[in-house]
Amino acid sequence: MRKYLTVFRVNWQNSLQYRAPTVIYILGYTLYISVLLFLWTAIYGEGGRMGPYSLSEMMTYYLLQFVINSVVLSYVSWEIIDHIREGFFSHFLVKPINYFAYWFTINLSGKLFETVLILLAAAGIGLVVGPHVAFPSDPRTYATFLVAAGLGLVLAFELEFCIGLIAFWLIQVRVFKYMLQYAVFFFAGTLLPLDLFPRALAEVAARLPFQYLVFVPIQIFLEKRPAPLADFAAAGVWIVAVYLLARWVLARGIVRYEAVGN
Amino acid sequence: MKRSGISAVCAVRRTFRLYGSFLAQNLKNEMVYRANFVLLVGMDLFFMGINVAFFAILYANVTTIGGWTFHQTLILVGSVGLVREAAYLLFRQGFLELGDYVRTGQFDALLVKPIRPNIHLGFRHVSLTESLGEGLMGLALVGYGFAHVGTGWAAIPLYVLMLGVSLVIYYAFCLAINSAVFWIIKSQELNSIVYTFMETARYPRDIYRGLGKAIFTFVIPISLIATVPASVLAGRLDWGLIALAVIVAVGMMSGATVLWNWSLRHYSSASS
């Protein structure tokens, strides 16, 4: 455990050292979310309505998506790909550290600083659109939302870890990785709530694990999910399944590994 | 007076000739990696497809957004694709490489050439294929939307001209943001802002209100990039808006050039 704490601390200090990129990234994403909030206000102002959502529910959806995008979703595949491609992976073959747990620790510690910033930014936007935020009526909803987001965080990491491992098989991963990652985010509900999709696509999305990253936690916050416990159970099953998949892929990848570079 | 006019013509001709050689060189390079080319076009089509799907889902619920119909909106989405492709054919890729130039000190080489470093940087990496899928799909979307909107062909020259004005605004924004590279050294995140800038440009200007509208016109002019050219083709021509776009383009280009030239002085030439 202590070695992972060290990894956590070192990476946390690292992310503090490179503050500017995180701040710039948050600024860019704030711009994107602000534009979407203008978009929904304009649509509802013209008398339009997006499916079952009221304007305040729509605003809340995107404000929460804004936070979840930084806090829950994982972006470590970039670093994993570089590690494998440049041969740093060799170090792990001879060190008593679990590769999966190592990256999970990096993922968590890398998020701390970003989480603080994103909460500040969200609070800032919240001040502006304050009257439009749909807070839960039942205080227990906050707790269920946090559990759902926590499960989403684990599942999101596992999926991203698997995407990173593609580097064992492909040398030019960039394009493929972008498309896979975006497909995951699309079916997670980052672009639009999944229940606004055309019926056939919504049916597909409802059978995939990706909904537990963004859509389900937000639905729980909006008190639109009748049985959060069933969602927790389903997310739990997916977490175990994707974990087993990740281990299997890693084991196969090590066989393929050519130790280029170092 | 006459002499300076002649030298200006010479400078323009020289710039064109240089551009031609850089383009030819880079095209040869790109043709070598055919699989990469297919992948890039595939990725562009994938992302453009998602953009269209996003608006298709919106328009399944509403009839207009900010007064724009679905077909008019397709012209907006397509116009962003066209501006982006034009940008990759002129300057965009170079700015993505700028961080590496500055970090490794290779930027020195650009400073000593008899051509402005920002122009050289852009030309050096001109790419036809990096955004080709988006450009082609953009053209298809604009064509499809235009066919449904029923504006006359006479609108096309002004549309192309306003795409040019948008390209100037895009360049100015890109140059201004990338001026920070001499302090931050890494350009990846800076360019993610430039990317978001274009990603958010495809929504009609009419959705903005109050302070947001002012900011998205004069500071981060995303409300002009696609809306101004698209409004010409979509039958929503507004001369006031066209004048505004030209003024913003001139203002931003002057401001960005001053900012960039000032920032150049902070380049520390960190080669080892």
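## Overall form of chain B

For a chain of 272 residues, a compact globule would have a radius of gyration near 19 Å, and chain B, with 19 Å in this predicted model, agrees with that expectation. Taken along the principal axes, the C-alpha atoms of chain B fill a box of roughly 60 × 50 × 35 Å. Buried residues make up 40% of the 272 residues in the chain.

Among the contacts in chain B with a separation of 6 or more, 82% are between residues 24 or more positions apart.

## Overall form of chain A

Chain A has 11 helices and 0 strands, and its elements, read from the N terminus on, run α-α-α-α-α-α-α-α-α-α-α. Its radius of gyration is 19 Å, close to the 18 Å that the globule rule gives for 262 residues, and chain A is therefore as compact as a globular protein of that length.

The C-alpha trace of chain A spans about 60 × 40 × 35 Å along its principal axes, and 37% of the 262 residues of this chain count as buried. As for contacts in chain A with a separation of 6 or more, residues 24 or more positions apart account for 82% of them.

## Confidence of the prediction

Where pLDDT is low, the predicted coordinates should not be read in detail. Chain B averages a pLDDT of 91, and 97% of its residues score at least 70. For the complex, the predictor gives an ipTM of 0.89 and a pTM of 0.89.

## Where the two chains meet

One residue of helix α2 of chain A is Pro21(A), which is in contact with Lys186(B) and Glu189(B) when its neighbours within four places in sequence are left aside.

## Helices α2 and α3 of chain A

Within chain A, α2(A) also meets helix α3 (residues 55-71), and the axes of these helices come within 10 Å and cross at roughly 170 degrees. Angles over 145 degrees count as roughly antiparallel, and α2(A) and α3(A) are therefore roughly antiparallel to each other.

From α2(A), the contact is made by Tyr29(A), Ile33(A), Leu36(A), Leu37(A), Trp40(A) and Tyr44(A), while α3(A) contributes Leu55(A), Met58(A), Met59(A), Tyr62(A), Phe66(A) and Asn69(A). By class, this contact of α2(A) with α3(A) has 11 nonpolar residues, 1 polar residue and no charged residues.

## Helices α4 and α6 of chain B

In chain B, how are helix α4 (residues 92-104) and helix α6 (residues 117-124) placed, given that their axes come within 6 Å? The axes cross at roughly 110 degrees, and that makes α4(B) roughly perpendicular to α6(B).

Here Gly94(B), Phe95(B) and Leu98(B) in α4(B) meet Leu121(B), Gly122(B) and Arg124(B) in α6(B). By class, the contact of α4(B) with α6(B) has 3 nonpolar, 2 polar and 1 charged residues.

## A positive phi in a loop of chain A

Most residues other than glycine have a negative phi. Glu223(A), although it is not a glycine, has a positive phi of about 60 degrees. This residue has its place in the loop between α10 (215-221) and α11 (228-256) of chain A. With 16 C-beta neighbours inside 10 Å, Glu223(A) counts as partly exposed.

How values were computed
Residues are numbered from 1 along each chain as its sequence is written. Chains are lettered from A and ligands numbered from 1 in the order in which they are written. This is a predicted model: local features need pLDDT of at least 70, side-chain atom pairs count only at pLDDT 80 or more; totals for chains, interfaces and linings use all residues. Axes are lines fitted to C-alpha atoms, for helices over the stretch in contact, and angles run from 0 to 180 degrees between N-to-C directions. Helices (H or I, at least four residues) and strands (E, at least two) are DSSP runs, numbered from the N terminus. Angles under 35 degrees count as roughly parallel, over 145 as roughly antiparallel, 65 to 115 as roughly perpendicular and the rest as oblique. Two residues are in contact if their C-beta atoms, placed from the backbone, lie within 7 Å. Ala, Val, Leu, Ile, Met, Phe, Trp, Tyr, Cys and Pro count as nonpolar, Asp, Glu, Lys and Arg as charged, and the others, Gly among them, as polar. The radius of gyration is taken over C-alpha atoms; the globule rule is 2.2 Å times the number of residues to the power 0.38. A residue is buried if 20 or more other C-beta atoms lie within 10 Å of its own, exposed if 12 or fewer, and partly exposed in between; C-beta atoms are placed from the backbone. pLDDT is the predictor's confidence in each residue, from 0 to 100.
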